[in-house]
Amino acid sequence: MGGRIKGQESQEPRAVKRRAATAAKKAAAKGAPPADPGGLKVSTESIVVDPPAKKKAPAAPAQQYHCANCLGSVTKSDSHCPTCEVRLGWEG
Ligand SMILES: [Zn+2]
């Protein structure tokens, strides 16, 4: 007859405590940062500042040209200068 079961620690308060601590450790390691607002705050600020800086530096307006006659702004899609209406020769 054996009434005692070795290995079943749920009955002992010490074991229960240990299990709770292990669970908390697991949760923290899973992706639940404890108390660390300092580093987190800096990281958030950095992210907020980044997007505008990226938007500020777009690709140079490669399709913007100047009319050879009036030096007005023209695009390659224009066959004639919108300012002086001179014909734009893109091919040569
Ligand atoms: Zn022009």
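**Secondary structure, exposure and local geometry of the predicted model**

Glu85 lies in the segment after strand 2, where strands (E, at least two residues) and helices (H or I, at least four residues) are DSSP runs numbered from the N terminus. The structure is a predicted model, in which local features need pLDDT of at least 70, side-chain atom pairs count only at pLDDT 80 or more, and totals for chains, interfaces and linings use all residues. Residues are numbered from 1 along each chain as its sequence is written.

The phi of Glu85 is near 60 degrees, a positive value in a residue other than glycine. Most residues other than glycine have a negative phi. Glu85 is exposed, with 11 other C-beta atoms within 10 Å. Leu71 belongs to the loop between strand 1 (64–66) and strand 2 (73–75). With 11 other C-beta atoms within 10 Å, Leu71 is exposed.

The protein contains 2 helices and 2 strands, and the order of the elements from the N terminus is α-α-β-β. Buried residues account for 2% of the 92 residues. Contacts are defined by C-beta atoms, placed from the backbone, that lie within 7 Å of each other. Of the contacts between residues at least 6 apart in sequence, 0% join residues at least 24 apart.

Helix 1 spans residues 13–31 and comprises 19 residues. The distance from its first C-alpha to its last is 28 Å, close to the 27 Å expected at 1.5 Å a residue; the expected span is 1.5 Å times one less than the number of residues. The number of buried residues among the 19 of helix 1 is 0, so the helix lies largely in the open.

Confidence was examined through pLDDT, the predictor's confidence in each residue on a scale from 0 to 100. The average over the protein is 74, and 54% of the residues score at least 70. Where pLDDT is low, the predicted coordinates should not be read in detail.

His66 lies in strand 1 and counts as exposed, with 11 C-beta neighbours inside 10 Å. Apart from neighbours within four places in sequence, His66 is in contact with Leu71, Gly72, Ser73 and Val74. The C-alpha atoms of His66 and Cys81 are 8.9 Å apart in space, the two residues being 15 apart in sequence. Thr75 is located in strand 2 and is likewise classed as exposed, with 11 C-beta neighbours inside 10 Å. Leaving aside neighbours within four places in sequence, the contacts of Thr75 are with Gln63, Gln64 and Tyr65. Thr75 and Leu88 are separated by 13 residues in sequence and by 9.8 Å between C-alpha atoms.

The segment after strand 2 also holds Trp90. Trp90 is exposed, with 10 other C-beta atoms within 10 Å. Between the C-alpha atoms of Trp90 and Ser79 the distance is 8.2 Å, at a sequence separation of 11 residues.

How values were computed:
A residue is buried if 20 or more other C-beta atoms lie within 10 Å of its own, exposed if 12 or fewer, and partly exposed in between; C-beta atoms are placed from the backbone. Two residues are in contact if their C-beta atoms, placed from the backbone, lie within 7 Å.
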